[in-house]
Amino acid sequence: MTDSAFRVAVYYAPELDDPLWQAGTRWLGRDPETGATLASPETGIAALTDEPAGYGLHATLKPPMRLVTGISYEHFHDAVTRLAAGLSPFALPRLAVEDYGDFLALRDQEPSIPLQALADCVVATLDPFRAQPGEAELARRRKHGLTPGQEAMLIRWGYPQVFALWQFHITLSRRLNAEEMARAKPVADAYFAAAVGLPRQVSSLALFTQRDAGAPFLLAERFPFGG
């Protein structure tokens with residue numbers, strides 16, 4: 001059994017030896033695998049990254065969720081293990097820093113059928129373990145407004161941006177105003193230039209956990225693809 005506040009999420013996270021992992025965790029100021037606080041590499045960036053630092057460096061596949069009553073963390077862990085074992089590695093498209101709806105984010109620069117298929121598979125396969133969101137969570141998701149399509153996804157899948165509405169992104173900042181974006185984006189472009197230029201594969205799922213409401217997420221385990 002798990003506490004009602006305990007949440008799990010399944011993400012893409014760069015591998016531990018990937019320079020993007022090293023650069024990204026320093027940029028956010030926290031390593032979710034160790035829980036260590038890291039010194040910001042650029043002046044003024046720490047003020048923009050407190051919010052995404054709590055979630056850790058990642059791209060969302062299965063969004064944060066509570067487990068259904070009666071389902072243990074061990075059951076969920078086993079399901080993620082089986083899912084990863086049936087997947088095969090594939091190339092991640094080239095990444096670049098973008099203004100993503102007033103957030104700084106690393107975005108894929110070419111369409112990827114395998115990447116979309118991975119996100120769809122993870123959402124659908126693990127959904128039976130998801131507890132229904134409460135009214136407070138629904139209100140939080142609706143805070144900035146949803147399209148009818150997003151509202152339908154929220155009601156069915158517990159999150160507005162899944163399946164055809166999903167877009168790969170690694171969040172690098174809180175919501176920024178125009179002045180903040182104009183200052184921060186060139187800094188991020190320069191800082192991530194070397195790391196994003198490297199080829200990389202998607203070869204594992206990353207299981208993140210949140211012990212209590214408001215607590216930082218931790219990277220509990222990586223599950224290598226078995227295909």
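Modeller: A residue is called buried when its relative accessible area is under 20%, and exposed when that area is over 50%, with partly exposed in between. The model is predicted. E180 has 15% relative accessibility, so E180 counts as buried. E180 sits in helix α7, which covers residues 178-196. Its side chain makes a polar contact of 2.9 Å with the side chain of R174. Leaving aside residues up to four places away in sequence, E180 touches L48, R174 and R175.

Turning to the charged pairs, the whole structure holds 14 salt bridges. One of them joins the side chains of R156 and D127, at 3.3 Å from N to O. This pair links distant parts of the chain, 29 residues apart: R156 belongs to helix α6 (residues 148-157), while D127 lies in the loop between α4 (113-126) and α5 (135-141). D127 is buried because its relative accessibility is 9%, whereas R156, at 44%, is partly exposed. Both residues belong to a network of salt bridges that also takes in K62 and R130.

Another salt bridge connects the side chains of R107 and E98, with an N to O distance of 3.6 Å. R107 is buried at 12% relative accessibility, and E98 is partly exposed at 24%. The side chains of R142 and E151 also form a salt bridge, at 2.6 Å from N to O. Here R142 has 31% relative accessibility and is therefore partly exposed; E151, at 25%, counts as partly exposed too.

Technical notes:
Residues numbered from 1 in each chain as written. Predicted model: local features only at pLDDT ≥ 70, side-chain atom pairs only at ≥ 80, totals over all residues. Heavy atoms only, no water. Helix = DSSP H or I, 4+ residues; strand = E, 2+ residues; numbered from the N terminus. Buried < 20%, exposed > 50% of the residue type's maximum accessible area, 1.4 Å probe, protein only. Polar contact = N/O pair within 3.5 Å; in protein donor to acceptor, adjacent residues only side chain to side chain. Contact = heavy atoms within 4.5 Å. Salt bridge = Lys/Arg side-chain N within 4 Å of Asp/Glu carboxyl O.
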